[in-house]
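Hi,

Here is the structure I promised to send over. Have a look first, and my notes follow below.

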Amino acid sequence: MSKWYKKIAEGIPSSSIFKKSIPEGVWDKCPECKTKIKEDKIVFQLFVCSCGHHFRIGSEEYFSILFDEGKYEELFREIVPKDILHFEGPQPYKERLVSEQAESGLTDAARVGKGRMNGVELILVAMDFSFIGGSMGSAVGERIARAIDYCIQHKIPLVIVSRSVGARMMESFYSLMQMAKTATKLALLGQAAIPFISVLTDPTIGGVTASIGMKGDINIAEPKANIGYAGPKVIKESTGKDLPKGFQRSEFLMEKGFVDMIIERKNLKSTISSLLQLIIEKEPID
Ligand SMILES: [Zn+2]
């Protein structure tokens, strides 16, 4: 159980936990309605402003919100990123990994948890945008691939909460390969008739959208999330046309049929678990 969730359970939210959970610079003001955020209130509201703005949160928060009593077992933590290409840049990748890990306490941008959601046993993968933009390098791809293998082997459903800028440029084609690998694994999951629910959060852009995000049996989005493959700026420059209002937001995508449901964070757990119970009841996994 995460610290902030435990504090909620105890009725005493902590400002230090709150500040760690909310991206720096936005924690004190809602970017949507500009009102000052009261720390204890926003924690109790699962990091959603009264105006409906969903603050970006990480894997620890989703695990706490979605798993029963916030309890889970983390799998595949031993798979860690490596600087395979000796990538240089403003900060060499090897050094960047060390500093990101020290700062975030994470080992990479996605974590795999096994637990129960309203009693349904499942695997939940959640991404951490704070770790190099939630980008999918070889370790993230491998963790997801093994999570899918685990679901096939143990016949339990899969839920992936995506929040990512896409491929990790410092791993070049090793990163791009993860798209094919995870997409292929999801096809095998489908063949095994095991349910996969994809949750798209703000932002889910690039390779993760294409390889995983849009491949759910049911694709759920949080309200007003920015979801797409190429960004609006690139599309506008390529097509030379102005883009429609709300382009690539959850509501626009649902209207166009790319997203099945838009669910507020407070209702995510009950919605996902109800859907899984319905699917499993109708088509038991055997
Ligand atoms: Zn607001």
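**Around Ile218**

Leaving aside residues up to four places away in sequence, Ile218 touches Phe196, Ile197, Ser198, Asp260, Met261, Leu275 and Ile279 (contact means heavy atoms within 4.5 Å). Before you read on: this is a predicted model, where local features need pLDDT of at least 70, side-chain atom pairs count only at pLDDT 80 or more, and totals for chains, interfaces and linings use all residues. Residues are numbered from 1 along each chain as its sequence is written, and side-chain values use heavy atoms, with hydrogens and water left out.

Ile218 sits in strand β6, residues 218-221 (strands are DSSP runs of E, at least two residues, and helices are runs of H or I, at least four, both numbered from the N terminus). Ile218 counts as buried because its relative accessibility is 15% (buried is under 20% relative accessible area, exposed over 50%, partly exposed in between, with a 1.4 Å probe and protein chains only). The C-alpha atom of Ile218 is 39 Å from that of Gln91, 127 residues away along the chain.

**The zinc site**

Cys30, Cys33, Cys49 and Cys51 coordinate the zinc ion through their SG atoms, at 2.2 to 2.4 Å (donors are N, O and S atoms within 2.8 Å of the metal, or 3.2 Å for Na, K and Ca; water is not among the atoms, so sites may look incomplete). Cys30, in the loop between α2 (15-21) and α3 (39-44), and Cys49, in the loop between α3 and α4 (59-66), are 19 residues apart, so the pair links distant parts of the chain. Cys30 is buried at 1% relative accessibility, and Cys49 is buried too, at 6%.

Cheers
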